[in-house]
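Hi everyone, thanks for coming.

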Amino acid sequence: MRALVIDHSVPGGLRLADVPDPVPGPDEVLVRIAATSLNYGELPGAGNAAAAEGTVPGWDAAGTVERAATSGAGPRAGNRVVTWGWAGGWAELRAVHVGELAVLPDEVDFVRAAALPVAGLTALRALRRAGVRPGHRVAVTGASGGVGHFAVQLARLQGAQVVAVVGDPARGAGLAELGVDHVVTKATEIEDPVDVLLDNVGGPLLGGLLGSMAEGGTVISIGAASGQDTLLAPYQLVGKRLTLVGHQDGGRSAADLAHLARLVADGRLKVSVGRVADWRTAGEVADDIVDRRVRGKAVLTLA
């Protein structure tokens, strides 16, 4: 089969190659991939130390079940599915455990489905961890990115008021249509204290935003896209009794993916796909993501 493999000598660190077909285990289905999305954390150009030469990466992918699990579990052959895993998604075929996929509603196409797993699950589980309730004020950093787009919409669906924090005003375009109440570029522009902060950026921005938190607020640290250290002033967390939590992924991917897909099918959740390209241009797309030239998600379609 054809697959995108790690090759640090080429632009973007990815090239198309022929590799052996995967061999599914008893509780795995074999999926023929139609679309896959790229995440910053899995790109070789993002300093991914685990990206060994010749390996097939890929967390997110959507396609059609070609062979059902021999155990009898999971979807049947011919079902359209969205899948998640730590590797193997950037290939024509993927063997995936039945607990890491969901059957797609007819209304959800492969391109939008491929953008759901990592970004959508991260946002959903972070909001659950924070215990967001109606009336909460929620701030989301990196709101123009994949996780950010999902987070602001899911927070709004939970009845929260949403503040989007972006790198520059241009990156805030379209966020109001997703339910954002205020778009800011720095902590000092936040007028009222926020109850929950979902942080994808880290660095000095996170340190500054702690001063905008309400007493007893919760900070969920998801990522550190800035690449900078976060310096905290003495007692900065203690003074307002803040809870700082490192986001941890876990559990029930099948159920959560099915939930996200239903929201998309019902028109309650918009998938922001900022770039759709052919697999042959994967290196160029990867470079654009590392350089922050893609808003939302980038999706590759097999051709």
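Some ground rules before that. This is a predicted model, so local features need a pLDDT of at least 70 and side-chain atom pairs count only at pLDDT 80 or more, while totals for chains, interfaces and linings use all residues. Residues are numbered from 1 along each chain as its sequence is written, and side-chain values use heavy atoms, with hydrogens and water left out.

Okay, the whole chain. The protein chain has 7 helices and 15 strands; helices here are DSSP runs of H or I with at least four residues, strands are runs of E with at least two, and both are numbered from the N terminus. Along its principal axes, the C-alpha trace spans about 55 × 40 × 30 Å. How does the radius of gyration sit with a compact globule of 303 residues? The globule would come out near 19 Å, and the protein chain has 19 Å, so the two agree. That radius is taken over C-alpha atoms, and the globule rule is 2.2 Å times the number of residues to the power 0.38.

Of the 303 residues, 50% count as buried. Buried means under 20% relative accessible area, exposed means over 50%, and partly exposed is in between, with a 1.4 Å probe and protein chains only. The accessible surface comes to about 12900 Å², and 52% of that belongs to carbon and sulfur atoms; the areas come from the Shrake-Rupley method with a 1.4 Å probe, and for residues only the protein chains shown count as cover.

Now contacts, meaning heavy atoms within 4.5 Å. Take the contacts with a separation of 6 or more: residues 24 or more positions apart account for 70% of them.

Let's zoom in on helix α7, residues 282–290. Which of its residues are buried? They are Ala-282, Gly-283, Val-285, Ala-286, Asp-288 and Ile-289. As a reminder, an α-helix has 3.6 residues a turn, so residues three or four places apart point the same way.

Keep your eye on Asp-288, which counts as buried because its relative accessibility is 10%. Asp-288 forms a salt bridge with Arg-275, with the closest N and O atoms 2.6 Å apart. Asp-288 is in helix α7 and Arg-275 is in strand β14, so this pair ties together parts that are 13 residues apart in sequence. By salt bridge I mean a side-chain nitrogen of Lys or Arg within 4 Å of a carboxyl oxygen of Asp or Glu. Asp-288 also forms one with Arg-293, where the closest N and O atoms are 2.5 Å apart. Arg-293 itself is exposed, at 54% relative accessible area. There's a network here too: salt bridges link Arg-275, Glu-284, Asp-288, Asp-291 and Arg-293.

Across the model, the count comes to 14 salt bridges. Another one is between Asp-60 and Lys-297, with the closest N and O atoms 3.5 Å apart. Asp-60 lies in strand β4 (residues 60–67) and Lys-297 in strand β15, so the pair ties together parts that are 237 residues apart in sequence. Both Asp-60 and Lys-297 are buried.

On to the loops. Most residues other than glycine have a negative phi. Arg-292, in the loop between α7 and β15, has a positive phi near 65°, and is partly exposed at 34% relative accessible area. Arg-241 has a positive phi too, near 55°. Arg-241 sits in the loop between α5 (236–239) and β13 (243–246) and is exposed, at 57%.

Last stop: Trp-59, buried or exposed? Trp-59 is buried, with a relative accessible area of 16%, and lies in the loop between β3 and β4. Leaving aside neighbours within four places in sequence, Trp-59 contacts a list of residues including Trp-84, Trp-86, Trp-90, Arg-94 and Val-118. Trp-59 and Trp-90 are 31 residues apart in sequence and 8.0 Å apart in space, C-alpha to C-alpha. Gly-45 is also in the loop between β3 and β4, but Gly-45 is partly exposed, at 48%.
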